[in-house]
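Open the model in your viewer and keep the sequence panel beside it. We will go from stop to stop, selecting a few residues each time.

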Amino acid sequence: MTEYDRTANTEYARTLRVYLAKNRNALAAAGELHIHKKHLFYRLGKMADLFGIDINDGLALFRYEYSFRVLDYLAWSDAAVRGGLGAFICPVIYPAICPA
């Protein structure tokens with residue numbers, strides 16, 4: 001999905017991230033994305049066509065949300081290691097995703 005977004009100049013991954021972060025509340029997600037609720041549903045429909053995403057499948061949505069969190073953690077940890085800040089900042093800024 002992220003590769004498709006890069007090549008097609010779309011925001012499907014961000015749309016799904018926000019939709020999941022807003023607990024599948026279409027109105028809240030559309031507000032965060034600064035789009036109309038109908039356009040959010042259009043995007044979700046396109047994602048179903050392109051990627052086979054079923055927004056009514058809770059387990060599949062959980063897998064997407066978990067995958068997004070893993071990708072965020074990997075990107076953050078890579079940046080932190082390169083910057084030498086991992087051991088100091090991780091427990092303070094990202095306590096939910098930092099290793100114990």
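A polar contact is a pair of N or O atoms within 3.5 Å; within protein, one of them must be able to donate a hydrogen and the other to accept it. Keep that in mind for the first stop. Remember too that this is a predicted model.

**Stop 1: Asp5**

Select Asp5, in helix H1 (residues 2-8). The side chains of Asp5 and Thr10 are joined by a polar contact of 2.5 Å. Is Asp5 buried or exposed? Asp5 is buried, yet it has no salt bridge. Its nearest side chain of opposite charge is Arg6, 8.0 Å away. A salt bridge needs the nitrogen and the oxygen within 4 Å.

**Stop 2: helix H2**

Move on to Glu11 and Arg14. Their side chains meet in a salt bridge, 3.7 Å from N to O. Glu11 is partly exposed, at 38% relative accessibility. Arg14 is partly exposed as well, with a relative accessible area of 36%.

Next, select helix H2, residues 12-21. How many of the ten residues of H2 are buried? Seven are, so H2 is mostly covered. Color the buried ones: Tyr12, Ala13, Thr15, Leu16, Val18, Tyr19 and Leu20.

**Stop 3**

Select Asn23, in the loop between H2 and H3. Asn23 is not a glycine, yet its phi is positive, about 55°. Asn23 counts as exposed because its relative accessibility is 69%, and the cut-off for exposed is over 50%.

Glu32 is partly exposed, at 39%, and so is Lys22, at 31%.

**Stop 3: His34**

Go to the loop between H3 and helix H4 (37-51), where you find His34. Its phi is positive too, about 60°, although His34 is not a glycine. His34 is exposed, with a relative accessible area of 72%.

**Stop 4: helix H5**

Select helix H5, residues 58-83. Begin with Tyr64, which is found in this helix. Tyr64 is partly exposed, at 26% relative accessibility.

Then pick Arg69 and Glu65. These two form a salt bridge, with the closest N and O atoms 3.3 Å apart. Both lie in H5, four residues apart, about one turn of the helix. Arg69 is partly exposed, at 47%. Glu65 is also partly exposed, at 26%. A search of the whole structure finds five salt bridges.

Finally, show the surface and select Leu59, Phe62, Tyr66, Val70 and Leu74. Together they form a nonpolar patch with about 510 Å² of accessible area. Val70, one of the five, is partly exposed, at 34%.

**Last stop: confidence**

Color the model by pLDDT. Where pLDDT is low, the predicted coordinates should not be read in detail.

Conventions:
Residues numbered from 1 in each chain as written. Predicted model: local features only at pLDDT ≥ 70, side-chain atom pairs only at ≥ 80, totals over all residues. Heavy atoms only, no water. Patch = residues over 30% accessible without salt bridge, like charges linked within 9 Å, V, L, I, M, F, W, Y side chains within 5 Å. Areas by Shrake-Rupley, 256 points an atom, 1.4 Å probe, with all protein chains shown as cover. Helix = DSSP H or I, 4+ residues; strand = E, 2+ residues; numbered from the N terminus. Buried < 20%, exposed > 50% of the residue type's maximum accessible area, 1.4 Å probe, protein only. Lys, Arg positive; Asp, Glu negative; His and termini not counted.
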